[in-house]
Amino acid sequence: MSPPRPKISLSGEEIVSAFDGSITFRRVPHPTRYFNLEVTFHDHHPHLLHLRDMNPPQHFHYAQVEYFQVLEGALYIDVGSERILLTPESDELPVNPWVRNRVIPGPLSETTPITKFLLSGPASTTNRMLDYTFYENYYRYMDQMVSGGQPIEMIQILCMFDAGGSCVALPWYVPFNMIISRLIGVVVGRWVGSLLGYQPYY
């Protein structure tokens, strides 16, 4: 079965910049992966320094493996209950489907002002998948809301995540938390969001 056709990116920009330039990413060719992004965190930027005081919510992808490889600097990846520090000396880290995870900036370095890493994955067997467009939309939406001082709409997030084959993970202590997370994504993000006029690609 051939992989689904890629969704169209509306911006056409080679480099996506978010949060006043503190996070940028661009497409990089890969011989076998469906998407491959080179992401740069400008570690000493005020926005990134502020993020170090917060842990983003965990999420998971149900149809694709996600791969991380650090080229410069250091990065924390929470995989399940384990926190892994990735550096350029580390092997590429795969995060399997249905495994909760999140990305957190690594230790600050005075000699390496940026963290640069590759984020990639294969195609999904469905049209709901991680790809360049998913990340572009997510970062542009978050940037617009945060920069404009507007509240982040959870239905919009769930709608985008559902289109990207992803779910915001409920706390681990909730019974059947991952199945319920998946149902919330479909019912609230896809069905209710559609009825209320939300678009999966913001």
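Reply: A disulfide here is a pair of cysteine sulfur atoms within 2.5 Å. Searching the whole structure on that basis turns up zero of them. Bear in mind that this is a predicted model, where local features need pLDDT of at least 70, side-chain atom pairs count only at pLDDT 80 or more, and totals for chains, interfaces and linings use all residues. Residues are numbered from 1 along each chain as its sequence is written, and side-chain values use heavy atoms, with hydrogens and water left out.

Take Cys159: the closest cysteine sulfur is that of Cys167, and at 13 Å this is too far for a bond. Seen from the other end, Cys167 has Cys159 as its closest cysteine partner, again at 13 Å and too far. Cys159 is buried (under 20% relative accessible area, with exposed over 50%, partly exposed in between, a 1.4 Å probe and protein chains only), because its relative accessibility is 5%. Cys167 counts as buried too, at 3%.

So what does Cys159 sit against? Within helix α3, Cys159 joins Ile155, Leu158 and Asp162 in touching α4 (contact means heavy atoms within 4.5 Å), where the partners include Ile184, Val186, Val188 and Arg190. By class, that contact has six nonpolar, three polar and three charged residues; Cys counts as nonpolar and Gly as polar, while Asp, Glu, Lys and Arg are the charged set. Helix α3 covers residues 154-163 and α4 residues 177-195, with axes 8 Å apart and an angle of about 105°. That makes the two roughly perpendicular, the label for 65 to 115 degrees. Axes are lines fitted to C-alpha atoms, with angles from 0 to 180 degrees between N-to-C directions. Helices (H or I, at least four residues) and strands (E, at least two) are DSSP runs, numbered from the N terminus.

At the β1 end, residues 15-18 pair with β2 (residues 23-27) over four bridges; strands count as paired if DSSP finds at least two. Val16 is bridged to Phe25 and Ser17 to Thr24. Four residues lie between the strands of this hairpin, and Phe19 there has a positive phi near 55°. On to β3 (residues 35-42): β2 pairs with it over five antiparallel bridges, with Phe25 opposite Val39.

Conventions. Parallel < 35°, antiparallel > 145°, perpendicular 65-115°, else oblique.
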